[in-house]
Amino acid sequence: MVVSRVISTQGGTLLSSALFISSRRIFSTSTSSRRDLPPLSEFVSSFTTHHIEKPVTTMPTEVHTNITTTIPIAPADSGHRRLKQSELPLPVLFDSQQAALSRKQLPKRTGTIAFKRGMMSVFDENGIRIPVTILQIDRAQVTYIKTIDEHGYFAVQVGAGARHAKNVTKPMLGHFSKAGVAPKKIVAEFRVRDESGLLPISHEIAVQHFKEGQFVDIWARSKGKGFSGVMKRHGFSGLPASHGVSVSHRSAGSTGQSQDPGRVLKGKKMAGRMGGDNVTVQNSKVVKIYPEFGLVLVKGPVPGPKYAAVSIQDALKKPDVE
Amino acid sequence: MGLPLLRLPVRGFPVAGTCVSALRSAMRMTLEDSRRVQNAGYQLKRKPTKLPIKILQPGPSLLPKGSEPKQLLEQKLTQELDPTGWRRQLFQRSSPLALRPGDVVRVVFNSETNQTFVGTIMAIRRRGLDTSVRLRSEVAQLGVEMSVKVYSTSVKNFEFISRAVKKTRRAKLYYLRPDEKKGK
């Protein structure tokens, strides 16, 4: 394109001093007249052949990518044209969605939404006291499923709780109507490994979905702490109580160097909004389930305030639950 | 129920006068509507070209309305762990048999050797199922304290040994601990 434009705009006898494409010198002459030039098509093809016939000393016969595909490459002396990028059997690029999916670790079964209902303690078979969080699974149903063909990944959309129809938007009412479920308080998506983890739409996910003794991952939005200082937010030690420290006992201290770099580095831990983040607790043990009340007791704390919706799914780092 | 949705197409912003009356008529429930709402499900009015939106009424929650799951579970667990109620009676303030700070008791544990621990009651922490007592004694001139969870299945029995010599004037007898400043 560059070449053609230059020739047409020059229109006269001379081509400007030198023509470079990239760093490869194709054609350079300062005084050649136009008739000395080969026709444009020839010129371009000469460029192509020159590119192909460039001697390659160590040309591998095939290239192994670390993903799946093997790219065949014609030997250098075969006389074949090198295939264009569009003609090559494309490798699965490391940054592609497909490769990302193959790397992704996902639980086999879907999770569900639960509501946090406070903490208490129970005794195990040895009489040891265990702190537990009470989670309520309230009318959780599958509202939609996502498949790899249609959406690019497998997931189960779960709705839980109940909301009055008058407080639900019309698009969502249509969504629930399609699924054949009553309007839900909250809807969330749980990714699963393959189609064996999908459940039929409107299937109820009851407490019995989880088994006593299994491990689960739980994630939720943590309690907001407001604008907090560095001691609370990042665990800084603060400044000394005495030795001339004045008014700044809970201060962060220095935030960097002097004129070089002359600024505060990005990501510096400082005071600010704390809490309200998504927090995951991994490998919480399911201590007890109460199917008659729809309650699950999991060991230890769970992020978020009381009545908060939390997501609970089989633990990623433990064996699959059958 | 569902009424504003049924009558949504009220045009324009409600201005005093005509529009308010229009809004009111829109909010009024017809007999037909009320019947539909009371049934298990009802449909939103839509254009005939569109799919009907069917609204299902949610079923009841498994938890009784207004109940606190923690209380429910504690009642249930108390019946399981203390069917005869002796644990509750031992630490209920109103009970005449109640143990008090300063009393000396022996705890028998549910182990193969029926392990026991004798000590003075230093503190009682009344928290329902989490109720615990702190016992203190001296073993080979070394002070030993033990916190016993009353409702734990590992506790077999409490044996009463003696009442406090003098009625204690405190609920928590932390003064039984040696004064570390004096290096006792």
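**Entry 1: a term to start with**

I count two strands as paired if DSSP finds at least two bridges between them. I also remind myself that this is a predicted model. Strands of a sheet pair through backbone hydrogen bonds, either parallel or antiparallel.

**Entry 2: strand β10 of chain A**

I looked up strand β10 of chain A, which spans residues 215–221. Which strands does β10(A) pair with? I found β13(A), residues 278–290, joined to β10(A) by six bridges in the antiparallel sense. I also found β15(A), which runs antiparallel to β10(A) and is joined to it by four bridges.

Then I picked out a residue pair for each partner. A:Arg221 has A:Asn278 of β13(A) opposite it. On the other pairing, A:Val216 faces A:Asp314 of β15(A).

Next I asked which residues of β10(A) make up its covered face and which its uncovered face. I noted A:Val216, A:Ile218 and A:Ala220 on the covered face. The uncovered face holds A:Phe215, A:Asp217, A:Trp219 and A:Arg221.

I traced the strands onward and came to a closed barrel of six strands in chain A, in the order β5-β6-β14-β13-β10-β15, with antiparallel pairing. From one strand to the next, the twist averages 50°.

Where does β5(A) meet β15(A)? I saw that β5(A), residues 112–123, and β15(A), residues 309–314, run antiparallel and share four bridges. In β15(A), A:Ser311 is the residue opposite A:Ile113.

**Entry 3: chain B by itself**

I turned to chain B and listed its secondary structure: five helices and seven strands. Reading from the N terminus, I wrote down the order α-α-α-β-β-α-α-β-β-β-β-β. Chain B has 184 residues, and 13% of them count as buried. Among its contacts between residues at least 6 apart in sequence, 44% join residues at least 24 apart.

**Entry 4: where the chains touch**

What lies across the strands of chain A? I found helix α4(B), residues 69–81, over β5(A), β6(A) and β14(A), running at about 40° to β5(A).

I noted 30 residues from chain B and 27 residues from chain A in the contact. On the chain B side, α1, β2 and α4 each supply at least two residues. The largest share comes from α4(B), with six residues. I sorted the chain B side by type and got 17 nonpolar, eight polar and five charged residues.

Most residues other than glycine have a negative phi, and most peptide bonds are trans. I went looking for exceptions.

Which peptide bond is cis? I found the one from A:Asp260 to A:Pro261, with omega near 10°. A:Pro261 sits in the loop of chain A between α6 and β12.

A:His243 is found in the loop between α6 and β12 of chain A too, and its phi is positive, near 55°. Is A:His243 buried or exposed? I counted 6 C-beta neighbours inside 10 Å, and therefore A:His243 is exposed, since the cut-off is 12 or fewer.

In chain B, B:Ala140 also has a positive phi, near 55°. I placed B:Ala140 in the loop between β5 and β6 of chain B. It has 5 C-beta neighbours inside 10 Å, so B:Ala140 counts as exposed.

Note on methods:
Residues numbered from 1 in each chain as written. Chains lettered and ligands numbered in written order. Predicted model: local features only at pLDDT ≥ 70, side-chain atom pairs only at ≥ 80, totals over all residues. Axes fitted to C-alpha atoms, helices over the stretch in contact; angles between N-to-C directions. Contact = placed C-beta atoms within 7 Å. Nonpolar A, V, L, I, M, F, W, Y, C, P; charged D, E, K, R; others polar. Buried ≥ 20, exposed ≤ 12 C-beta atoms within 10 Å, placed from the backbone.
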